[in-house]
Amino acid sequence: MASSEPSSFKMLLTLGLAGMVSGLVLVGIYTVTAPRIERNRAEALDRAVYQVLPGAVRKETSEPNPEGDVVYAGYDAEDALLGYAIPAEGAGFQDTIRLLYGVNLERRRVVGMRVLESRETPGLGDKIFKDLDFVAEFDDLAIDPAIEAVPKGSAAEAWQVDAITGATISSKAIVRIINDGNERWLEELH
Amino acid sequence: MAAPPTTVNEDFIRGLWKENPVFVQLLGLCPALAVTNSAINAVAMSAATAFVLCGSSVLVSSMRSIIPKQVRITTFIIVIATFVTVADFTLMALLPDVHKELGAFIALIVANCLILGRQEAFASRNTVGRALADAAGMSTGFGIALLMLGGIREILGSGSLFGVSLFGDSFEPWIIMILPPGGFLTIGLLLVVFARMERRKGGAS
């Protein structure tokens, strides 16, 4: 460096310019990628709707409720209502877990669950979507009186789920999110 | 230590092995341990880090004469953070599954001391060409280290490599290897191997 003590003005100018250029780049990359990211999200949600409502071939988005949230009604090949796919979210171990689950109102059962977004502990909490045995427990699960997570191996009742060993909080979070979702929506959907 | 390298070629080679960022300089251990529970994660993390490191080095090196040295670290961080965010959004748009897998660790590249360290120690004092060679070498070295860690941990911890099952059903995976302690065990053992090799070389000369 030439001078050992540059003026404050030069320092301000450098940082100001760097900040401005950086801001412009960020706005640019956000503008370019936002539609694509939005589409990825929509596609993931779309795929998940058919996964949590096995047998569904057509979906219909409900009217938004007063809070602006929607559910998806799934219909089978004969156009009979199979159930609803309900997006729900809540606090996990580290960050919000967003998930989608399918519920069959006639049989009062959860028929599928997919985690859409989560930041649970790698190797432990992330088993809520990586451990397929855990995910499969939500394929046929009674919702009355309420879903309950119990220590692994002790699920006996139709509404009980074997929690993941080492990830009890994440397992319970999933169960709580679904129970809360049921509370919010099931009355309205009837 | 050998004489400081002077050619672009040597700038590149140095980062691969002799000054490997993970095994020799012990930099960037957080991502090196956190995301290497599978080989594919290791590759994605290395690629994102390489992009940020090379981009930042070129930019910092080309602006090295106009950045006042009192605010250089701040400027480096702004440059690095910008590249990290670009990488973050690009991954989210193009490879959403990989992004989901790496989660918060992409954003945390900004705190990887390997990147800031190379700006301070090399890019801000050398020409663009040499800075790029150095960044590419360090990135490759980082990638080699992550791939070794990820490969070992995935083979032992899941019985597979790049998701391809290696041993069939008879193999009982060592779950601990894909959990955090497995990362520490693996890097510890690899460091022992590295230190031994170094000492043997040192003793021979």
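Mentor: First, the handedness term. A crossing is right-handed if the near helix is turned clockwise from the far one by less than a right angle, and left-handed if anticlockwise. Bear in mind that this is a predicted model.

Trainee: OK. Which hand is the crossing of H3(B) and H4(B)?

Mentor: The H3(B)–H4(B) crossing is right-handed. The axes of H3, residues 39–62 of chain B, and H4, residues 72–94 of chain B, come within 9 Å and cross at roughly 145°.

Trainee: Which residues make the contact?

Mentor: H3(B) contributes B:Ala48, B:Phe51, B:Val52, B:Gly55, B:Ser56, B:Leu59 and B:Val60. From H4(B) come B:Phe76, B:Val79, B:Ile80, B:Phe83, B:Val84, B:Ala87 and B:Leu91.

Trainee: And by class?

Mentor: Twelve nonpolar, two polar, no charged.

Trainee: Switching to the chain pair. How many residues of chain A are in contact with chain B?

Mentor: 20 of chain A, against 21 of chain B. The chain A side has eleven nonpolar, six polar and three charged residues.

Trainee: What is chain A built from?

Mentor: Four helices and eight strands. The order from the N terminus is α-β-β-β-β-β-α-α-β-β-β-α.

Trainee: Is chain A spread out or a compact globule?

Mentor: Spread out. Its radius of gyration is 23 Å, well over the 16 Å that the globule rule gives for 190 residues, so chain A is more spread out than a compact globule. Its C-alpha atoms fill a box of roughly 80 × 40 × 30 Å along the principal axes.

Trainee: What share of chain A counts as buried?

Mentor: 32% of the 190 residues.

Terms used. Residues numbered from 1 in each chain as written. Chains lettered and ligands numbered in written order. Predicted model: local features only at pLDDT ≥ 70, side-chain atom pairs only at ≥ 80, totals over all residues. Axes fitted to C-alpha atoms, helices over the stretch in contact; angles between N-to-C directions. Helix = DSSP H or I, 4+ residues; strand = E, 2+ residues; numbered from the N terminus. Contact = placed C-beta atoms within 7 Å. Nonpolar A, V, L, I, M, F, W, Y, C, P; charged D, E, K, R; others polar. Rg over C-alpha atoms; globule rule 2.2 N^0.38 Å. Buried ≥ 20, exposed ≤ 12 C-beta atoms within 10 Å, placed from the backbone.
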